[in-house]
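Please look over the sequence and the structure before turning to the notes.

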Amino acid sequence: MLKFIGRRAIFAGFTILIVSAVVFGIFSLLPFDPAALTCGQRCTDQIVEANRIRLGFDKPIYEQYWLFLSGIFLGRTYGSGSSAFSCPAPSFGYSFNENACVTNMLVEALPITISLAIGALLLWLTVGIGLGIVAAKFKNRWPDTSSSVFVLLATSLPTFVTGLALLIWVTIKWKLVPLSLSGYVSIFDNPFGFFQYFILPWITLAIAYAAIYTRFTRAALLETLGEDYIRTARAKGVGERVVFFKHTLRAVLAPLITMAGLDFAGLIGGAIITETIFNLPGLGRLTLRSVYEFDLSVVLATTILAAVVVIVMNLIVDMLYAVLDPRVRIT
Amino acid sequence: MSELLRIEDLHVSFKTDDGAVRAVDGVSLTLNAGETVAIVGESGSGKTVTSLSVMGLHKKGSAQISGSISLNDGGTFKDVVSLNDDQIRDIRGRAVAMIFQDPMSSLHPYYKIGNQLAEAYLVHNPGKKKAAMARAIEMLDLVGIPEPAKRAVEFPHQFSGGMRQRVMIAMALMNSPQILIADEPTTALDVTVQAQILALLSKLKKEFNMGILLITHDLGVVAQVADRVNVMYAGRIVEEGAVDDLFYSPLAPYTLGLLKSVPRVTSKNERLKAIPGQPPSLINLPVGCPFAPRCEYKQHSSEAGCNTTKPALTGTSPTHRSRCHIPESLRHDLFAKELRELQS
Amino acid sequence: MSPRFALRRAVVVASASALLLGTALVSGSTVANAATTPKTGGILTLLEHAPRLDHLDPARIYTGRDLAFMNAFHTRTLVAYNPVPGTAGANIVPDLATNTGVPSNSAKTWKFTLRPGTKFEDGTPITCEHVQYGSSRVFATDVINNGPAYLQAWLDIPKDKDGNSIYTGPYKSTKAGQAAFNKAVSCSADNRTITFQLNKSVADFNYLATYGVISPVQKKKDTGDKYTLNPQATGPYKIVENSKTQLRMIRNSNWSKASDPVRTPYPDEVIIQFGLDEEVIDQIMLEDTIPTAMNFGGPLPSNRDKFFSDPKFKNRRMNNSDPYALYLAFNVKAMPCKEIREAMYHSRDAKALLDYAGGPQFAGSYATGVISPLVALDYAPTKVVGPGSPDFKPEGNIVKAKALMETAKTKCPADYKKATEDGITIDVRASATLNDTIPINEAAFARAGIKVKFNIISAGYYPTVMDPTKQKDMSNSGWGADWANASTVIPELFASFGGFNISQNTADPAYKAFEDKVNIAMKTTDRKKQAAMWKELDAYAMKQFWVLPTLFGKAQEVWGSQLANVFFWVPQGNPAYGKIWINN
């Protein structure tokens with residue numbers, strides 16, 4: 001296992017290096033002058049050139065990349081004279097739009113996105129798997145039919161519609177959940193406030209995913225119920241409930257976990273729409289804003305972070321799969 | 001010999017969108033202790049449906065079952081057809097156990113062998129975990145798994161095909177059932193392994209004094225282990241009798257066809273004599289003899305009944321009966337002659 | 001007030017009541033609950049769609065709304081606009097200074113004397129050297145940018161051979177540079193009087209002193225780039241939180257009413273909530289979920305009718321002309337033929353575009369020049385373009401346009417060929433409305449046989465069109481006066497030394513005479529005479545069709561039921577936020 005993790009970690013390191021180099025390369029090819037984007041409408045050549053030097057955009061691309069890489073390990077200093085300042089290691093650059101070190105921005109955004117993703121994950125796994133079980137257990141009867149209505153509705157409604165509808169109706173019109181404008185509160189400081197803050201975003205995200213998981217769970221359960229080993233269990237005299245909840249569900253677990261792991265990784269990369277609607281200053285909103293504003297250092301950092309999360313989640317999913325499915329052995 | 005199982009006039013049909021599939025159409029048979037009774041037939045002949053009926057494994061909603069399946073549960077006879085779910089579950093795995101065709105897919109891939117075996121015991125002896133595990137190891141040993149204690153904590157994928165079928169047999173025997181249903185137990189296995197498994201079944205039958213209901217399409221297997229044979233075609237038994245009667249003087253044209261289609265060492269240059277045509281659809285069975293469209297001997301029938309009436313199961317000997325409109329004596333001579341030609 | 005910034009929602013709108021212009025319209029603006037007595041307490045909440053304000057650093061703010069907001073609560077300047085309704089709001093009054101500036105040496109020297117008793121939020125008394133230091137920061141153009149650049153242009157500091165100031169700001173400068181600055185901006189011995197030496201006469205220099213570019217900053221608290229995140233307060237409120245979700249300000253205990261003749265702080269706290277969905281903001285307003293909140297950007301066009309047709313919002317809304325004049329700048333170098341420029345003006349379907357943007361009620365009125373009616377004194381219809389011109393027809397004067405094209409055919413055949421065959425390329429900022437407006441424009445210009453193409457720019461719009469090598473034939477733009485004097489409009493847009501000359505008109509034969517008149521107008525200290533000159537220059541520029549003027553814009557504001565005394569503040573084109581109080 002340790003050997004496996006070690007080898008995968010080295011592989012992951014290389015992948016991240018390549019991703020960062022590719023992203024870096026793409027940005028350098030974009031038809032924008034990154035220095036010109038650092039000042040607004042009153043950019044004079046003088047300001048642009050000064051910022052070009054301050055940001056290191058005057059250097060050749062490989063040197064810029066090297067500065068970026070070394071910044072991660074050594075930190076980086078910007079500017080000169082008494083207005084110089086530095087971003088300590090690990091530094092992913094400096095955002096001139098936000099006047100902040102990118103690393104700090106990521107550190108601020110991450111807990112919000114993680115809270116959003118974990119809560120939504122738990123919610124949709126509960127609802128999705130639960131409904132899937134009910135639908136499979138009562139195949140072609142009313143619980144199954146109503147769950148398929150849910151699936152149809154939830155998959156056809158885009159997130160921005162459900163999110164906005166929830167926010168406007170539940171919060172503003174019905175006042176069921178108080179409108180929280182003051183921003184993120186940690187679960188450790190104020191658990192109730194935390195839940196109030198996240199409940200609608202969780203529901204918004206969970207609706208879309210729960211539908212997919214309902215459909216998947218139902219199909220997987222029904223397929224498994226037709227397996228020979230389920231017949232064997234019945235032939236042993238095992239009761240229907242045990243057949244369903246032990247033998248059948250157990251077989252569906254491994255693919256479900258894999259799916260959940262990858263979906264979770266995707267969410268960390270950015271639940272852009274949900275974060276934007278509910279004004280959650282997480283990674284998704286950060287990415288969206290930085291793309292809109294061509295805040296290249298932030299886009300670069302969020303892209304690399306997303307790649308890291310996907311790679312790490314893949315590793316975790318692989319290890320989980322090995323735990324869940326005895327046929328899979330990691331070597 | 002005590003009777004373990006008596007199936008009488010069993011009908012099983014399944015509802016489908018195209019109509020009712022009459023999978024089993026009036027089957028009657030018996031199984032005694034210490035005896036191996038084979039049900040032989042092509043796929044779709046109703047042999048597996050019959051065996052699953054004995055286990056009560058058909059879904060209540062989809063299968064319509066009539067007739068009776070009397071099963072000896074430690075001296076008292078119970079009719080599986082009329083039992084409720086809990087009562088059937090109580091019999092399953094205890095009074096009657098079953099092993100299946102494909103040992104690869106019949107074991108749960110995610111549970112350890114020992115646990116899967118133990119579960120069979122625990123279902124009927126709740127709470128006795130230690131005893132269950134001990135029994136599991138004992139059974140593994142009995143079916144010839146070396147180092148049973150060690151193998152018990154392994155997963156199915158760590159076993160070969162033959163070993164898995166031994167595991168399945170061990171699982172079936174966990175509660176010392178009186179009846180063992182073996183549904184194509186060797187079909188998925190190598191020939192050498194087949195013989196071992198059949199020998200094991202014979203040995204265990206004696207040790208446990210069981211009756212084995214053997215479901216197979218393989219006449220070779222039948223010849224090796226069966227005492228009595230029921231040949232099924234299109235959901236009905238077309239011939240029943242002792243194994244020797246059947247092999248040496250078959251009475252149903254279908255049985256003869258089966259025998260003729262068995263490859264023989266002596267006739268290697270000849271092409272296999274397959275029965276022409278396909279089995280009929282079980283949704284719209286012909287009004288006459290279901291085998292009539294494929295029957296080479298129709299012209300010998302004195303009546304025109306082949307196409308209009310289904311023949312009854314009759315025979316001059318009560319232990320050797322068959323369904324055919326051609327007079328039995330005529331068939332006896334005709335078929336015996338063909339068999340002789342085939343063997344020469 | 002800088003180029004019109006399309007990030008502001010109000011901008012998409014075009015506007016109206018062509019009849020009500022100038023002072024008439026301003027005095028007609030809403031004053032809610034004016035009769036009640038002021039109350040203190042409560043939290044004033046402003047709901048904003050953008051993720052943050054562009055800048056809080058006093059030297060870097062340059063949009064009217066942000067200036068109106070920060071100057072009302074947080075940042076004091078030497079002089080300030082009087083926060084009262086009507087045209088009186090455009091008058092400047094002493095703020096940190098005891099006077100509104102004393103010019104001498106034909107307005108080349110300006111002196112301001114500081115008021116005693118003023119302090120920073122940390123208790124440090126404000127002295128002349130703080131204002132001197134604050135004024136030096138804009139010279140560090142690599143760090144302190146985006147703000148007005150008048151100081152660099154006007155202070156008497158030598159320039160190098162490239163025309164850049166030899167002073168490069170307080171962070172890294174040569175001794176000579178610092179000495180030159182200290183000479184241009186100097187403090188009296190008692191550290192109470194600041195003197196600005198200018199390189200030319202600027203009669204309205206004191207209006208620049210309403211901007212934070214001339215405001216006190218403590219050197220030891222100056223964090224360069226990052227100062228914009230949490231600048232030191234000099235006004236009645238200080239920043240306690242500036243995060244991704246909100247800017248929160250509470251009372252500044254080191255501010256005293258006695259030292260501030262302008263501000264009357266009412267709420268206990270002022271908060272801007274950032275990043276809210278625009279539809280959500282409108283719903284909060286419609287439902288009055290937060291009765292002490294105000295929409296910082298104005299309602300979405302789709303919700304405008306709900307607010308403005310329902311009488312229950314009567315005291316919770318306003319609809320005013322905003323300070324922007326919208327226009328399409330011709331790149332005169334690329335389009336030297338005046339007849340074609342004029343033909344484009346007359347073939348454009350102004351009515352269809354105005355109706356699309358919300359009609360006269362919400363979008364604005366047809367522009368008569370580049371000086372907005374809100375610059376009251378300097379405004380008069382030019383009678384060259386827009387209402388008042390005999391040739392103006394809202395849906396386009398095709399007869400006139402065709403006649404002009406006929407003239408162009410013989411007079412400037414190359415340009416005629418370009419306009420009719422190759423097509424005129426127009427720079428536009430990417431927007432959702434382009435899908436609708438492009439066809440309207442193409443069809444309209446085609447009526448005079450003119451072909452147009454669009455260069456859609458998705459990011460860095462102004463840097464692109466301000467780059468003479470990148471600008472196409474025409475560029476969509478807008479401009480609002482920096483203060484109530486067209487000296488911040490006409491020279492800025494059309495003079496060679498202007499900060500926003502995207503017409504590239506200096507090679508035009510008509511330019512030389514124009515610049516001479518501009519120079520005279522800038523030196524004229526008699527405000528009435530100067531106003532007459534600006535009016536004449538506006539008409540002159542229109543006659544040359546250096547730009548194609550389109551609309552004087554309008555903007556809407558809506559707020560919650562507990563806010564009182566919300567009125568339109570003319571010079572900033574926004575509510576006087578500092579005068580709002582909360583009823584409960």
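The notes below cover the chains, their contacts, the cores, a helix pair and a sheet.

This is a predicted model, in which local features need pLDDT of at least 70 and side-chain atom pairs count only at pLDDT 80 or more, while totals for chains, interfaces and linings use all residues. Residues are numbered from 1 along each chain as its sequence is written, and chains are lettered from A and ligands numbered from 1 in the order in which they are written.

**Chain A as a whole**

- Chain A has twelve helices and four strands; helices (H or I, at least four residues) and strands (E, at least two) are DSSP runs, numbered from the N terminus.
- The C-alpha trace of chain A spans about 85 × 55 × 40 Å along its principal axes.
- Of the 331 residues of chain A, 42% count as buried; a residue is buried if 20 or more other C-beta atoms lie within 10 Å of its own, exposed if 12 or fewer, and partly exposed in between, with C-beta atoms placed from the backbone.

**Contacts between chains**

- Two residues are in contact if their C-beta atoms, placed from the backbone, lie within 7 Å.
- Among the two pairs of chains that touch, chains A and C have the most contacts.
- The contact between these chains takes 36 residues from chain A and 37 residues from chain C.
- On the side of chain A that touches chain C, α2 (45-55), α6 (159-173) and α11 (283-292) of chain A each supply at least two residues.
- That side has 17 nonpolar, 13 polar and six charged residues; Ala, Val, Leu, Ile, Met, Phe, Trp, Tyr, Cys and Pro count as nonpolar, Asp, Glu, Lys and Arg as charged, and the others, Gly among them, as polar.
- The contact of chain B with chain A takes 24 residues from chain B and 17 residues from chain A.
- With four residues, α4(B) gives the most to the side of chain B that touches chain A.
- Chain B and chain C do not touch, and their nearest C-alpha atoms are 48 Å apart.

**Nonpolar cores**

- A nonpolar core is a set of buried Ala, Val, Leu, Ile, Met, Phe, Trp, Tyr and Cys residues joined through C-beta atoms within 7 Å.
- The largest nonpolar core has 235 residues, and A:Ala206 and A:Ala210 have the most contacts inside it.
- Helix α4 (residues 102-137) of chain A gives the most to this core, with 15 residues.
- Another core, of 96 residues, lies apart from it and includes B:Leu4, B:Leu10, B:Ala38 and B:Ala132.

**A helix pair in chain A**

- α6(A) and helix α7 (residues 191-225) of chain A pack at an angle of about 145 degrees, with their axes 9 Å apart; axes are lines fitted to C-alpha atoms, for helices over the stretch in contact, and angles run from 0 to 180 degrees between N-to-C directions.
- The residues of the contact of α6(A) with α7(A) divide into seven nonpolar, five polar and no charged.

**A sheet in chain B**

- An open sheet of four strands in chain B has the order β2-β1-β4-β5, with antiparallel pairing; two strands pair if DSSP finds at least two bridges between them.
- The edge strands of this sheet are β2 (19-32) and β5 (76-79) of chain B, each pairing on one side only.
- Strand β4 (residues 63-73) of chain B pairs with β5(B) in the antiparallel sense over four bridges.
- B:Asp73 stands opposite B:Thr76 in β5(B).
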